[in-house]
Amino acid sequence: MASSHSPNTENLRKQAKALLRAWRENSPDSVARVAEHYPDGRNFGLQDAQFVLAREYGFRSWSALLEFVPRMGYFSDVYTFHISREFDVSLERLWTVLSKPEEIGDWLLPVTFEPIVGSPYAFASQPKLSGIIGVYDRQRAIRFDSAEDAFWSFAIEPAEESEGTQLRLSVIDRMTIDSVDQYSGGIVEVWNPGVTAGWHQILDALDHVLTGRQLPDVDYSRLCLFYERLIERFRQ
């Protein structure tokens, strides 16, 4: 298994070419896919295939899909999902929304804890998420540990090749070995696309809290399709 699994623009271009080729061969599946998003297929070409693929992934255009690719997350192993986002805000402001329970509830989930390593935390969720604060490094990182090395980690670092106050927030969502291995579907079942795509929704909500920008026009249910294909690679 490869050390990481992440989407890339070259793979998307290959998918668009494959769709065009299958449509020209009158494949029933490809004909139905094209008809859903491009009813007038008389002059259907590569750019049109790219548009159809973008719409299937929940984006308004091919360029919007390609622009989104760098934001996609990846797996470093079957238990660990990584995703990052850059924010043009002050370090103090970003740390505040990551470390104060009353702020975290505005973009993630309501939670209670004290700002110190070893403090118990409890998120208001179903099922209940609880554990201890495993890392509390002021203005650098906070980690919510649960059982058997599972955790949510949020770390701040300067964005590469950036100017001003742009910062990168790196998120790690690590599952326990049991939580992956106990399911018959293994990695595909435990990392159901709603979990991975859900982190985009969470980070979009965080961006809204930080900047006041409107939430992006992203169909998160369709974004799940992107991750469904990504996760399926673990079957190979």
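**Burial, crossing and pairing in a predicted model**

Q: What makes Arg93, Thr96 and Val97 contacts of Glu103?
A: Glu103 touches Arg93, Thr96 and Val97, leaving aside residues up to four places away in sequence; contact means heavy atoms within 4.5 Å. This is a predicted model, in which local features need pLDDT of at least 70 and side-chain atom pairs count only at pLDDT 80 or more, while totals for chains, interfaces and linings use all residues. Residues are numbered from 1 along each chain as its sequence is written, and side-chain values use heavy atoms, with hydrogens and water left out.

Q: Why is Glu103 called buried?
A: Buried means under 20% relative accessible area, exposed over 50%, and partly exposed in between (1.4 Å probe, protein chains only). Glu103 has a relative accessible area of 18%, so Glu103 is buried. Glu103 is found in helix α6 (residues 101-104); helices (H or I, at least four residues) and strands (E, at least two) are DSSP runs, numbered from the N terminus.

Q: Why is Glu36 called exposed?
A: The relative accessible area of Glu36 is 53%, so Glu36 counts as exposed. Glu36 lies in helix α2.

Q: What makes α1 roughly perpendicular to α2?
A: The axes of helix α1 (residues 9-24) and helix α2 (residues 28-37) cross at roughly 110° and come within 8 Å. Axes are lines fitted to C-alpha atoms, for helices over the stretch in contact, and angles run from 0 to 180 degrees between N-to-C directions. Angles under 35 degrees count as roughly parallel, over 145 as roughly antiparallel, 65 to 115 as roughly perpendicular and the rest as oblique. Therefore α1 is roughly perpendicular to α2.

Q: Which residues make the contact of α1 with α2?
A: Leu19, Ala22 and Trp23 of α1 meet Ser30, Val31, Arg33 and Val34 of α2.

Q: How do you know that β2 and β8 pair?
A: Two strands pair if DSSP finds at least two bridges between them. Strand β2 (residues 80-88) and strand β8 (residues 166-174) have nine bridges, in the antiparallel sense. In β8, Asp173 is the bridge partner of Phe81.

Q: What is the strand order of the open sheet, and why are β1 and β3 at the edges?
A: The eight strands run β1-β2-β8-β7-β6-β5-β4-β3, with antiparallel pairing. β1 (74-77) and β3 (111-112) each have a single partner strand, so one side of each is left without a neighbour in the sheet.
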